[in-house]
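Hi,

Here is the structure we talked about.

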Amino acid sequence: MSRASAYAVSLGTAVLLMLFVIMPLGAVLIESVRLRGPLTPREMRTAVLAALERLEPEPRRTLLARWGDEVTPAQRMEATAATLEAMNLRVLWDRKAPFDQQIAAAEAAVTGLTENQRAAFTAEFPVQVAVLHKRIALAFRVRDRLSPAEFDTLRSGTRSGFGLTHYREFLGDPRLRRAGLHSLFVATTASLISMVLAYALAFAVNRRGTRVPSLVRFTVLTPLVSPPIIMALAGILLFGRQGLITRGLLQERLGLIDADVTNLYGVSGVIVAMVLSFLPHAFIILDDVLARHDGRVEEAAASQGATAWQIFWRVTLPLTRPGVIRAALVVFILSMTDFGNPLVIGRGYSVLAGVVYDEIIGYQNSSLAAALCVWLILPTLTAYFLFERSERRKRFATGAATGGPPELPLSAMARLGLGTAAAAVCATIVLFYGVIVLGSFTRVWGVDFTPTLEHYRWQGAEAYSGVGAAQRLPLIWSSVKIAGMAALAGGIFSVMIAYLVERVRPTGRNVLGFIALLPGVVPGVIFGVGYLVAFNNPLGIRELALTGTAAILVLNILFANIFVGVLAGRATLQRLDPAVDEAAEILGATLGQKFFLVTVPMIRHVLVLATLYIFVHGLVTLSAVIFLVSPDHNLASVGIFLNADTGRYGLAASMSVAILVIVTAVMGLIWLAERHGPAWARVRLAGG
Amino acid sequence: MAYLQLKGLAKCFGPVTAVNDASLDIASGEFVTLLGASGCGKTTLLRMIAGFTAPDGGEVWLNDRRIDPLPPRLRGMGFVFQSYALFPTMTVADNIGFGLRLRRRPRQEITERVAELCALTHLEGMESRYPHELSGGQQQRVALARALALNPSVLLLDEPLSALDAKIRALLRAEIRSLVERLRITTVYVTHDQEEALSMSDRVVVMDRGRFLQVGTPLEIYTKPATSLVADFIGTSNTLRAKAVPGDRIMVEDTPAEIQVPGHLRGLDPLRVCIRPEHISLGRPGTGPGPAFTGTLASYAFLGQTVRSTIITSGGASLLVDLSTQEWLALKLAVGEAVAWRIQPGQAMIFADDGTALGHC
Ligand SMILES: Nc1ncnc2c1ncn2[C@@H]1O[C@H](COP(=O)(O)OP(=O)(O)O)[C@@H](O)[C@H]1O
Ligand SMILES: [Mg+2]
């Protein structure tokens, strides 16, 4: 029965999405309020008393008496001090003095107690002995009368509870607060600069401000599909202490500066790397907005006698403002959550995303990291959703749009300005990529510029994964393998979700569609932390753990990127006739036959796009997977980051070049798929 | 002997009642058309028969077997969609042979059957083309051939000709009719075009807002509409106020008319009289046999074989009258002139105020 199979497939998909999208995101929230830490003395005493209560009075008395006799003099002294404190009496001797002195002082203090005090002391003392020295023995003694959680608490003396402590820690700890302010500063600056640059470039491309618009588009969009931190790496190679320009040109040739003092490390480097990395995200939005914008509005303004300057400020800019805000918000979110660039080029300029990375990799403090993640995105995501909501309500109507840019000529000044800006940005990007290629063929950057292929041999632990396995894969091939698996499974999965939502239409299909899109909005660092905390010890069952496997990488890459295929698939299916599916059904096709024989051939170019997209992103993603790699299953993007972070620039550069080559080949395939896609179902690969 | 039976089918979409208590017995080999304005529930009813839409209530029986719990693919029906819904990635031959391939018939058999169907639907030579390389009429034929490929027990067609231009439409109408007649396939055909319905069907079901207004042969529907709604919908007709008066006559528009009516109509006032434009004759006042109503010629339009004129009656109603061009030219009427008009004997349809038919006179 096709209804039953439709039900089963929808349910299965829902379960997968719950497990691998909702659960990790929920796990971040839960982890952020989880508290672990030692019990306070008071809590410890309560736990011990509760455990003692579980014993019969007689065994309890003998046990306490025996413990009282067993303790060493030093332990007795400790217990005495604790008892006095518990009775709210001051401990009058020096707790830092040598033990024998302290022991004598303690005995003297006990002798000095009043009658009443002594009775209280005698009652409390055995309890304190138990709290301080016999807690674990007691725990095992009454183990069968305690719940597992009570036993655990008593045995370890630590608490596992829930609370907002980690959130408060962010506000209270100056180190975290400073990192937060740094994040805000670089993200704001980077998003403002990117927005202005992207607007100028999009304007130049769409309004004949440059003579080679497609070249500008191509160049500006390239970093969208480039290996991580490539801009920071190139920034170091050009402007670092050993930088080609800072040391090679300005110091050694011109003697203008000292490259050890004046270089790009620090906040300025972070901002430059972020702007160049995230400019394409802003550009793709503004390019789209300006390309759709109906130029007749400007022509109408011109016919009313407005100058070019007035037209821009009064007409064009207000009409494109939603795109401007969206572009700025997107870059802001990306910069807030980026840790690769700041860690590589920031050199001590700590940002919040970097702290998250440190807390997890350095201190395994995933609870604090999770809370910081929430701090990181909560404000921006709220702003973003509020913005999207207000945009949906007010939509500018300029009448029937006929499309096309205005035919108004651009003034020579404007053309010169826009052209120069476009040329400068493109030249910078080309320069940055060029220096990466150069770096990959250079023995030791800044020291020994002998051309070499040694970085491409990928030898040594830095370039390898697969410890102990018979074949040791260079990281590149490990990346290709894992991204490839995610792409093959994810491509068809995303098309299937689109088909389910648009054609099978089970109840709750909108929720299904929404969940599949979530990873497209949630920054990678959060998705990575989520997988780490969700699958480290899922449901308390160690055997279910996915951390340390290749599967967790495949799943993470897959679920983080299916949204592209889902979006494109749904958009295409919405434009195709739903009756085609019914025609197949009445001719006898089952659910599977309808999908594989009819739907997939119709939207096969979406399948190709979705697959290649996941593959490319699997190769270049860093922020999520860095928390999930293990010695056995590592990825090239992580290798690039770690090598760049530890100064092995040649190796980092060679891996980057290798990824670039693979990505370029794959993009060529996408281009072919788009060109040869059938006219009735052509979809443009949306950005992001 | 009923072959396909609909028993009290009903379907609501939220507040909209798309189909309400549809019951119909269709004989084997019969051609039944569902006719009604857009949005009256024809498609919904057809989709319930096919199994694409689950009814809220009622049953579907085929050959004495209840089939409404079955999914579409187990009902053995053919469906031609309004949009054709051809598989764009498959050639004509692959489209037609799709169902056969799903059933894993031998390749040889599929090829032969596809060739046979192409011959039947005049698609020879198109086998290896893709749908987007065909004209609308050819796409329609492919859709028809595909629906017939599995020898369906019932053929369902949802406005199959609505996307085509008038000439092709007339041609395909005849082709479809002769094809299903030859193959003796029980057919349910949906259309909003009354000409199509009247010319193709054995029986017509007139629908309005999810209900059946009338079920009957095309002739019955045209000449004996069960309600004034049907009369309005089928063909063009004029509706005038009337009342029965002593002497078993009726007054139309407060003018006594020489129309004899059965005695039982008295007391059913007010009445409505429907007259088709071709059943009214015109003359100059004072000419012609017997009494006449009066009016003024408001406008006229030359339609080819006929001239359609609009008369404003003395009661103020507007009346459409069709005359043959010959008759019209003989009259030499000018706009604004007074005219006398008569209802041809036996051609006035009388309805009660609630729309139920009371007979002809
Ligand atoms: N899937 C649906 N959801 C909601 N309303 C529907 C749906 N299908 C049909 N309707 C409504 O049911 C009524 C009948 O529709 P339909 O059967 O398509 O009419 P017809 O084919 O006679 O034009 C219409 O009012 C239509 O809006
Ligand atoms: Mg319809």
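Which residues surround ligand 1? They are B:F13, B:V16, B:A18, B:A37, B:S38, B:G39, B:C40, B:G41, B:K42, B:T43 and B:T44, where a residue counts if one of its heavy atoms lies within 4 Å.

Some housekeeping: this is a predicted model, in which local features need pLDDT of at least 70 and side-chain atom pairs pLDDT 80 or more, while totals for chains, interfaces and linings use all residues. Residues are numbered from 1 along each chain as written, chains are lettered from A and ligands numbered from 1 in written order, and side-chain values use heavy atoms, without hydrogens and water.

Back to the ligand. Helix 1 of chain B gives the largest share of the shell, three residues; helix 1 (42–50) and strand 2 (16–27) of chain B each supply at least two. (Helices are DSSP runs of H or I with at least four residues, strands are E runs of at least two, both numbered from the N terminus.) By class, the shell has five nonpolar, five polar and one charged residue, with Ala, Val, Leu, Ile, Met, Phe, Trp, Tyr, Cys and Pro as nonpolar, Asp, Glu, Lys and Arg as charged, and the others, Gly among them, as polar.

For polar contacts (pairs of N or O atoms within 3.5 Å), an oxygen atom of ligand 1 sits 2.4 Å from a side-chain N or O atom of B:T44. A polar side-chain atom of B:T43 is 2.5 Å from a ligand oxygen, and a polar backbone atom of B:G41 is 3.0 Å from one. Taken alone, ligand 1 exposes 550 Å², and the protein buries 59% of that (Shrake-Rupley areas, 1.4 Å probe).

Over in chain A, A:F339 and A:F641 form an edge-to-face aromatic pair, 6.3 Å centre to centre with 80° between the planes. Rings of Phe, Tyr and Trp (its six-membered ring) pair if their centres lie within 6.5 Å; planes under 30 degrees apart are stacked, over 60 edge-to-face, and the rest tilted. A:F339 is in the loop between helix 16 (308–336) and helix 17 (340–345), and A:F641 is in helix 28 (636–645), so the pair ties together parts 302 residues apart in sequence. Over all chains, the search finds 31 aromatic pairs.

Cheers

Terms used. A polar contact is a pair of N or O atoms within 3.5 Å; within protein, one must be able to donate a hydrogen and the other to accept it, and residues adjacent in sequence count only if both atoms are side-chain atoms.
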